[in-house]
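Please find below a colleague's note on the model under review. The sequence and structure are shown ahead of the comments.

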Amino acid sequence: MKFAIITHVIHGKELGNYFGYEPYVREMNLWIKNVSEVLIVAPLHSTPKTKIQEFYQHKKITFVSVADFDISSFKNILHSLMVMPGIVWKIYQTMKNADHIHLRCPGNIGLLGCLVQILFPSKHKTAKYAGNWDSKAKQPLTYRLQKWILNNTFLTKNMQVLVYGEWENNTKNSKPFFTASYFEKDKIDVRPRELEHKISFLFIGTLSNGKQPLYAVQLIEQLFKKGYDVQLVIYGEGIERKMLENYISENKLENIVFLKGNQNQETIKKAYLENHFVVLPSLSEGWPKVVAEGMFWGCLPIASKVSCVPNMLENGERGLLLDLKLKEDVQNIESILNDNSLYQDKVNKAIDWSGQFTMDVFEDEIKLLLKS
């Protein structure tokens, strides 16, 4: 089977091998495990591999490099209009040569893929919509357009769209799905930490406005001012790092907030196992990987009510839901900090629930998708 991947994920090349963002590539390696040839249409940059990137594992990969583009400004729109015809042609040629078409959405390359796939109604297709599938969510027009095309059974045929959560107005095209990070063999006897001595919180993700790392800092700052022995460890990089450094310095938080940068999967796993809570005050998510991973290792999630998060946390039974109102959220966190048995109960429920979603189960589901 020739398996075509259409994605906006930026790739690199080292010694003849292609690499990309580690969680994405780790998942794609399961998709391509049982196919004879892989065709990838994606941007290719000449940057060295980092700690958060991983290599594809396949012997026969044909890479079709395309320009990455965005429409965030008038200048970028002009550039996009110039490069899009070439990208569309490359996507068309790749889809024509493929036996199975796989789209990664939402993204600009994914949007073009959504449009071009209409021309191939008889080919088997899957799409992974990694964003918020909620039709009521406030999202860019390009995101809403991708959802509409993929969900439309007249325009999009022979397609299974993997979405996070169960939503109204879904068609037969959409299939509730999940993302996994660990195998069954990775499981160990995980027990809840005791809420005693220093209570440690994690933030793991891109340091961007959408992920709201500053809000995580402010939560811990307010708890510290109330007399709690707390700290926040931040893993990740992004455009808001300098702002965070300034805020930490100006508010004298150097002893309770620590910026660790990007780290590999083993370091992150160790952090989950050693800390009490993982905080995700994000404005938008698909399947929040850090929430699922934190639950798997007994690190209780404190997350905003976006996408399928309320379902993952069973409306607060397996974690704590944020209202993104600082005073109220701090009070809700306090209610757990002051009740160790409640904390332990939530952590145990989180461990039990997340243990269902392993890479083994994920791989079996992918095999079924490729056969259908």
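1. Basis. This is a predicted model, in which local features need pLDDT of at least 70 and side-chain atom pairs count only at pLDDT 80 or more, while totals for chains, interfaces and linings use all residues. Residues are numbered from 1 along each chain as its sequence is written, and side-chain values use heavy atoms, with hydrogens and water left out.

2. The sheet. Six strands form an open sheet in the order E13-E12-E11-E14-E15-E16, with parallel pairing. Strands (E, at least two residues) and helices (H or I, at least four) are DSSP runs numbered from the N terminus, and two strands pair if DSSP finds at least two bridges between them. Strand E13 (257-261) and strand E16 (320-322) are at the edges; each has a single partner strand, so one side of each lacks a neighbour in the sheet. From one strand to the next, the twist averages 25°; axes are lines fitted to C-alpha atoms, for helices over the stretch in contact, with angles from 0 to 180 degrees between N-to-C directions.

3. The E15-E16 pairing. Strand E15 (residues 300-304) pairs with E16 in the parallel sense over three bridges. Within E16, Leu320 stands opposite Ile302.

4. Helices across the sheet. Helix H5 (residues 213-225) lies across E11, E12, E13, E14 and E16, and runs at about 165° to E12. Helix H7 (residues 265-274) lies across E11, E12 and E14, at about 145° to E11. Contact here means heavy atoms within 4.5 Å.

5. The structure holds 19 salt bridges, each a side-chain nitrogen of Lys or Arg within 4 Å of a carboxyl oxygen of Asp or Glu. Lys33 and Glu363 meet in one of them (2.9 Å, N to O). Lys33 is in the loop between helix H1 and strand E4, and Glu363 is in helix H12, 330 residues apart. Glu363 is buried, at 11% relative accessible area (buried is under 20%, exposed over 50%, partly exposed in between, with a 1.4 Å probe and protein chains only). In a further salt bridge, the closest N and O atoms of Lys211 and Glu285 are 2.5 Å apart. This pair is separated by 74 residues; Lys211 is partly exposed at 21%, whereas Glu285 is buried at 9%.

6. Glu293 and Lys289 form a salt bridge, with the closest N and O atoms 3.4 Å apart. Both residues lie in helix H8, four residues apart, about one turn of the helix. Glu293 is buried at 4% relative accessibility, and Lys289 is partly exposed at 25%.
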